[in-house]
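Keep the picture open while you read, and try to find each residue as it comes up.

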Amino acid sequence: METEDKFLDAAKRALDTAEKNLDAGTVARLRAARRQALEAGAQRSLRPAWLFPVGALAAAAAVVTIATLLWFSAPTNNISLQANVDDLGLLTAPENPDFFADLEFYDWLDKNADAG
Amino acid sequence: MPALDRFLAGVERRAFVIARVATGNADDAHDVVQDAMLQLVRSYADRGEQEWGPLFHTILQSRISDWRRRTKVRNRLRVWFGGKGDEEDEANPLQKLPDSRSPDPPTQLRDKQAMTELEAALGRLPPRQQQAFMLRVWEGLDVAQTARAMGCSEGSVKTHYSRAVHTLREQLEDHL
């Protein structure tokens with residue numbers, strides 16, 4: 001085991017020496033690679049992760065706007081509804097329907113009978 | 001990101017040596033190290049500083065494995081189409097520049113020879129044995145940490161490591 005440890009120490013020393021003795025060109029190239037990696041990381045971090053893509057936001061806003069406009073522009077037909085209710089009253093009354101058709105005449109007659 | 005800059009400055013040279021042992025050439029080693037740095041910065045910059053070391057080991061080993069797979073496919077295609085496989089890279093002229101920190105010439109020569117022989121022997125090891133040796137002996141990772149970095153079981157790490165040490169001792173004991 002002792003000889004194995006000596007061998008491993010020698011191997012480690014050889015690798016340490018190789019690391020220390022890297023030539024200037026290699027060291028410069030490694031420095032440049034490090035700078036490029038950090039610059040790429042800095043550019044990526046300028047865009048926050050929570051920011052949705054602009055296109056998706058715009059599309060969502062358009063859908064909401066259109067849905068809102070459609071909801072509030074739906075026509076209300078109160079007059080026809082009231083007319084329907086009136087007709088229902090007429091149709092269910094016990095009197096002859098013709099009576100209601102002549103109702104204006106009888107109203108006039110009543111007023112003029114008092115005058116005459 | 002000053003903390004991340006400091007971390008990468010502290011590991012880049014060692015990572016390069018590991019990658020050069022694995023790939024056998026400086027250019028591919030540079031590509032591997034740059035990819036590993038990029039992935040650490042892009043994906044894990046927001047993690048705690050104490051996580052960067054283990055993460056970087058794992059990423060570096062993964063990039064080396066990717067390089068091996070691509071090289072295997074590329075060489076197969078080249079041979080298939082009548083080529084010769086990977087050509088040796090031309091020597092980088094900057095590599096001839098002296099390093100001001102180098103020791104005296106005889107020591108430098110002895111160190112260089114030892115490293116050349118060790119790198120050659122490491123390069124001949126099967127990839128997993130090479131990985132286990134570098135991570136355990138040079139990076140000082142324990143068995144569990146090495147298993148995480150290599151993506152294998154602790155039993156596998158022990159086996160790969162033991163075989164690597166045995167082979168290297170046989171080849172190099174008298175040279176180191």
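Predicted model: local features only at pLDDT ≥ 70, side-chain atom pairs only at ≥ 80, totals over all residues.

Is A:Arg34 buried or exposed? With a relative accessibility of 12%, A:Arg34 counts as buried, because the cut-off for that word is under 20%.

Chain A has a mean pLDDT of 72, and 49% of its residues get to 70 or more. Within chain A, helix 1 has the highest mean pLDDT of the elements, at 91, while helix 4 (residues 78-92) has the lowest, at 52.

## Where the two chains meet

Now look at the place where chain A touches chain B. Here 32 residues of chain A are in contact with 41 residues of chain B. Together the two chains bury about 3,500 Å², and 66% of that is on carbon and sulfur atoms. On the chain A side, A:Phe7, A:Leu15 and A:Arg34 lose the most area to chain B, together 20% of what that side buries.

There are also 10 residue pairs in polar contact between the chains, counting pairs with both residues at pLDDT 80 or more. Two elements of chain A give two or more residues to this side: helix 1 (2-20) and helix 2 (24-45). Helix 2 of chain A gives the most, with 15 residues. Sorted by type, the chain A side has 15 nonpolar, seven polar and 10 charged residues.

## Salt bridges between the chains

Six salt bridges cross the interface of chain A and chain B. One of the pairs to look for is B:Arg169 and A:Glu4, whose side chains meet at 3.6 Å, N to O. B:Arg169 sits in helix 7 (residues 154-172) of chain B and A:Glu4 in helix 1 of chain A, so this pair joins two chains.

B:Asp5 is partly exposed, at 28% relative accessible area.

## Inside chain B

B:Glu119 and B:Arg20 form a salt bridge too, with the closest N and O atoms 2.9 Å apart. B:Glu119 lies in helix 4 (residues 105-124) of chain B and B:Arg20 in helix 1 of chain B, so the pair ties together parts that are 99 residues apart in sequence. Both B:Glu119 and B:Arg20 are buried.

Last stop: B:Asp28, in helix 2 (residues 26-44) of chain B. B:Asp28 is buried, at 17% relative accessible area, and its side chain makes a polar contact of 3.0 Å with that of B:Trp67.

Key:
Residues numbered from 1 in each chain as written. Chains lettered and ligands numbered in written order. Heavy atoms only, no water. Helix = DSSP H or I, 4+ residues; strand = E, 2+ residues; numbered from the N terminus. Buried < 20%, exposed > 50% of the residue type's maximum accessible area, 1.4 Å probe, protein only. Polar contact = N/O pair within 3.5 Å; in protein donor to acceptor, adjacent residues only side chain to side chain. Contact = heavy atoms within 4.5 Å. Buried area = accessible area lost by both parts, 1.4 Å probe. Salt bridge = Lys/Arg side-chain N within 4 Å of Asp/Glu carboxyl O. Nonpolar A, V, L, I, M, F, W, Y, C, P; charged D, E, K, R; others polar. pLDDT = per-residue confidence, 0-100.
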